[in-house]
Amino acid sequence: MKSRRLGLGVVLVLALLAAACNKAVTQRQATSSAGGSQQIRLGFSDWPGWYPWQVAEDKGLFKAAGLDVKLTFFPNYTDSINALNAGQLDANSQTLNDTLSSVAAGSKQVIVLVNDNSTGNDQIIVRAGINSIADLKGKKVAAEEATVDHYLLLLGLDKAGLTQKDINFQPLPTKDAANTFASGGLDAAGVFAPFTTDALARPGSKALFTSADFPGAIPDHLVCAKSFVDAHPGEVQKAVDVWFATIDYIKGHHDETTPILAKRPNVSPEA
């Protein structure tokens, strides 16, 4: 996909991270004991669709499945991707396009679970006066570079016959993109929930297009290092099973689990 190309520098960095990942995982496997359940270092980041992992930990669902899980939360999504590439995680919650970028750079990863498909959560939000993708030409547009909403932005531009060169692209972490747009420092921003709420606080702003306009383009996954899957398939399958058990638990215990889901974004259960 020509619209999803990474810069050469980013590819080289990911290649180095992939090499470090393979070395780190090999060393860890060599020192792990033969008996017992292998610990899974599982990462997730600041998007509501992955918050159920916190419910799994807080309600003891990992332990009930006989798993030893070290759950790590990343306020910055890119940091979680880099951690998996560098061998600091065994599994991470990430999107398809970001996984493809890592694999293309040499990281050996396996998708083991599809959490969902984005159908509007990812949005390109614009200020008043911008009413078409063509109106973005020459405008200041921000997104977190080489991640999901950057990809969505490129899909939209390509649909309108434009490229990133036609806009003034500002690479910013998602939270910063939302806040800078809300304060009037940008013409548009690519963000996902809960940051869409922050961006839409700007008077007159609106979503120009969303992931709902590109069905199936942004699925969310649990992605594991291939070497970990090969060495510990039983633990990986149990983790997948825990995800579905957690979703069922949430459905049956809304009052109990909503405060847990609200904890990570630091919002009220009502919000």
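**Notebook: loops, a cavity and a helix pair**

I began with Ala-146, which counts as buried at 17% relative accessibility. Buried here means under 20% relative accessible area, exposed over 50%, partly exposed in between, with a 1.4 Å probe and protein chains only. I placed Ala-146 in the loop between strand E6 (140-143) and helix H6 (148-159). Helices (H or I, at least four residues) and strands (E, at least two) are DSSP runs, numbered from the N terminus. I read a phi near 65° for Ala-146, a positive value in a residue other than glycine. Most residues other than glycine have a negative phi, and most peptide bonds are trans.

The model is predicted: local features need pLDDT of at least 70, side-chain atom pairs count only at pLDDT 80 or more, and totals for chains, interfaces and linings use all residues. Residues are numbered from 1 along each chain as its sequence is written, and side-chain values use heavy atoms, with hydrogens and water left out.

**Other backbone entries**

I looked up Asn-266 next. Its phi is near 60°, again positive in a residue other than glycine. Asn-266 sits in the segment after H11 and counts as exposed at 71% relative accessibility. Which residues of helix H5 (residues 96-104) are buried? I noted Asn-97, Asp-98, Thr-99, Ser-101 and Ser-102. The peptide bond from Ala-193 to Pro-194 is cis, with omega near 10°. Pro-194 lies in the loop between strand E8 (188-192) and helix H8 (195-199).

**Whole chain**

I found eleven helices and ten strands in the protein chain. Buried residues make up 49% of its 271 residues. Of contacts (heavy atoms within 4.5 Å) between residues at least 6 apart in sequence, 78% join residues at least 24 apart.

**Gly-49**

Gly-49 is in the loop between strand E1 (40-45) and helix H2 (52-58). It counts as buried at 17% relative accessibility. Leaving out residues up to four places away in sequence, Gly-49 touches Asp-116 and Trp-243. I also checked Gly-49 against Asn-121: 72 residues apart in sequence, 9.5 Å apart in space, C-alpha to C-alpha.

**Cavity**

Asn-121 came up again in the cavity lining. The structure holds one cavity of 30 Å³ or more. On a 1 Å grid over the protein atoms alone, a cavity is a set of points where a 1.4 Å probe fits but cannot get out; lining residues have an atom within 4 Å of a point. I noted a volume of about 90 Å³ for the largest cavity. Grid points are joined across faces, edges and corners, and the volume is the space filled by probe spheres set on the points. The lining includes Trp-47, Trp-50, Asp-122 and Asp-220.

I found Thr-257 in helix H11 (residues 254-263). Buried or exposed? Thr-257 is buried, with a relative accessible area of 0%. Its side chain reaches the backbone oxygen of His-253 at 2.8 Å. Not counting residues up to four places away in sequence, Thr-257 touches Val-55, Tyr-249 and Ile-250.

Helix H10 (residues 233-252) packs with H11 at an angle of about 115°, axes 6 Å apart. The contact uses Tyr-249, Ile-250, Lys-251 and Gly-252 of H10 and His-254, Glu-256, Thr-257 and Leu-261 of H11. Axes are lines fitted to C-alpha atoms, for helices over the stretch in contact, and angles run from 0 to 180 degrees between N-to-C directions.

Terms used:
On a 1 Å grid over the protein atoms alone, a cavity is a set of points where a 1.4 Å probe fits but cannot get out, and a pocket is an open set with protein on both sides within 12 Å along at least five of seven lines; lining residues have an atom within 4 Å of a point. A polar contact is a pair of N or O atoms within 3.5 Å; within protein, one must be able to donate a hydrogen and the other to accept it, and residues adjacent in sequence count only if both atoms are side-chain atoms.
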